[in-house]
Amino acid sequence: MTSGIAAGDVGPERRVDGIGSDEPRVRVARVADLDALAQMWEKLENYHADLGGPEYRLAPGWKRDWRRFTRSHIGHKDRLCLVAELDEAAVGFLLGAILVRPRVFKHRLYGHIYDLFVDPAQRNRGVGESLVREALAWFRSRRVEKVDLYTHARNEMGLRFWTKMGFETTVHILERRI
């Protein structure tokens, strides 16, 4: 696997070397990908809304704000937006960033994965694993030693996947509707 994808790469995509023709190719997102990524993100949020409640329902005009947020990750040295392709079609994406904790902590930098999505018809083909492996290599290349993410407690599929990828529960976030 080729590592070292840089968020600022332009020109020919840096891709994960595939073993076979069905192997997913991972590359840095381009601005031209934003419409396809927005469609995938909408599916992801609808899935979360079905799991967890009204706070995941998308607001009117969400796409403009989401595009602006995601666009800020393309070409930024501390942010990452990866696209996975099969047969030259985008079938998944990962959005992450390097975040900084307050100065009171010795280890201040950490990675955060905001979103990971794989088209349901393309799951179980190594797409999610390839995206996560490439993201972890990117974080490691920037001397980040810890990566975190949030997943809904009812997201059994997500919990199985993240556990398989070596993530473990370290914090429980509790909420109460009032």
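**Rings, charges and cores**

Reply: In this predicted model, Arg 123 lies over the face of Phe 117, at 5.7 Å from the ring centre.

Me: What is the angle between the planes of Trp 138 and Phe 139?

Reply: A search of the whole structure gives 7 aromatic pairs. One of them is formed by Trp 138 and Phe 139, with 5.1 Å from centre to centre. Planes over 60 degrees apart count as edge-to-face, and this pair is edge-to-face, its planes standing at 70°.

Me: Is Phe 161 buried or exposed, and what is the relative accessible area of its ring partner Trp 162?

Reply: Phe 161 and Trp 162 form an edge-to-face pair, 5.0 Å centre to centre with 80° between the planes. The limit for being buried is under 20% relative accessible area. Phe 161 is buried because its value is 18%, and Trp 162 is buried as well, with a value of 10%.

Me: Which side chain does Arg 27 join through a polar contact?

Reply: Arg 27 belongs to strand β1, which covers residues 25–28. Arg 27 is buried, with a relative accessible area of 1%. Its side chain makes a polar contact of 2.7 Å, and the side chain at the other end is that of Asp 33.

Me: Which element gives the largest share of the largest nonpolar core?

Reply: The largest nonpolar core has 25 residues, and those touching the most other members include Leu 94, Ile 113, Phe 139 and Trp 162. Among the elements that give two or more residues to this core are β3 (89–100), β4 (109–118) and α3 (127–141). The largest share, 6 residues, comes from α3.

Me: How many residues are in the other core, the one with Ala 38 and Ile 74 among its members?

Reply: This core lies apart from the largest one, and its members include Trp 41 and Phe 93. Trp 41 and Phe 93 are also linked by ring pairs into a cluster with Trp 62 and Trp 66. The number of residues in this other core is 15.

Terms used:
Residues are numbered from 1 along each chain as its sequence is written. Side-chain values use heavy atoms; hydrogens and water are left out. Rings of Phe, Tyr and Trp (its six-membered ring) pair if their centres lie within 6.5 Å; planes under 30 degrees apart count as stacked, over 60 as edge-to-face and the rest as tilted. Buried means under 20% relative accessible area, exposed over 50%, partly exposed in between (1.4 Å probe, protein chains only). A charge sits over a ring if NZ of Lys or CZ of Arg is within 6 Å of the ring centre and within 35 degrees of the ring normal. Helices (H or I, at least four residues) and strands (E, at least two) are DSSP runs, numbered from the N terminus. A polar contact is a pair of N or O atoms within 3.5 Å; within protein, one must be able to donate a hydrogen and the other to accept it, and residues adjacent in sequence count only if both atoms are side-chain atoms. A nonpolar core is a set of buried Ala, Val, Leu, Ile, Met, Phe, Trp, Tyr and Cys residues joined through side-chain atoms within 4.5 Å.
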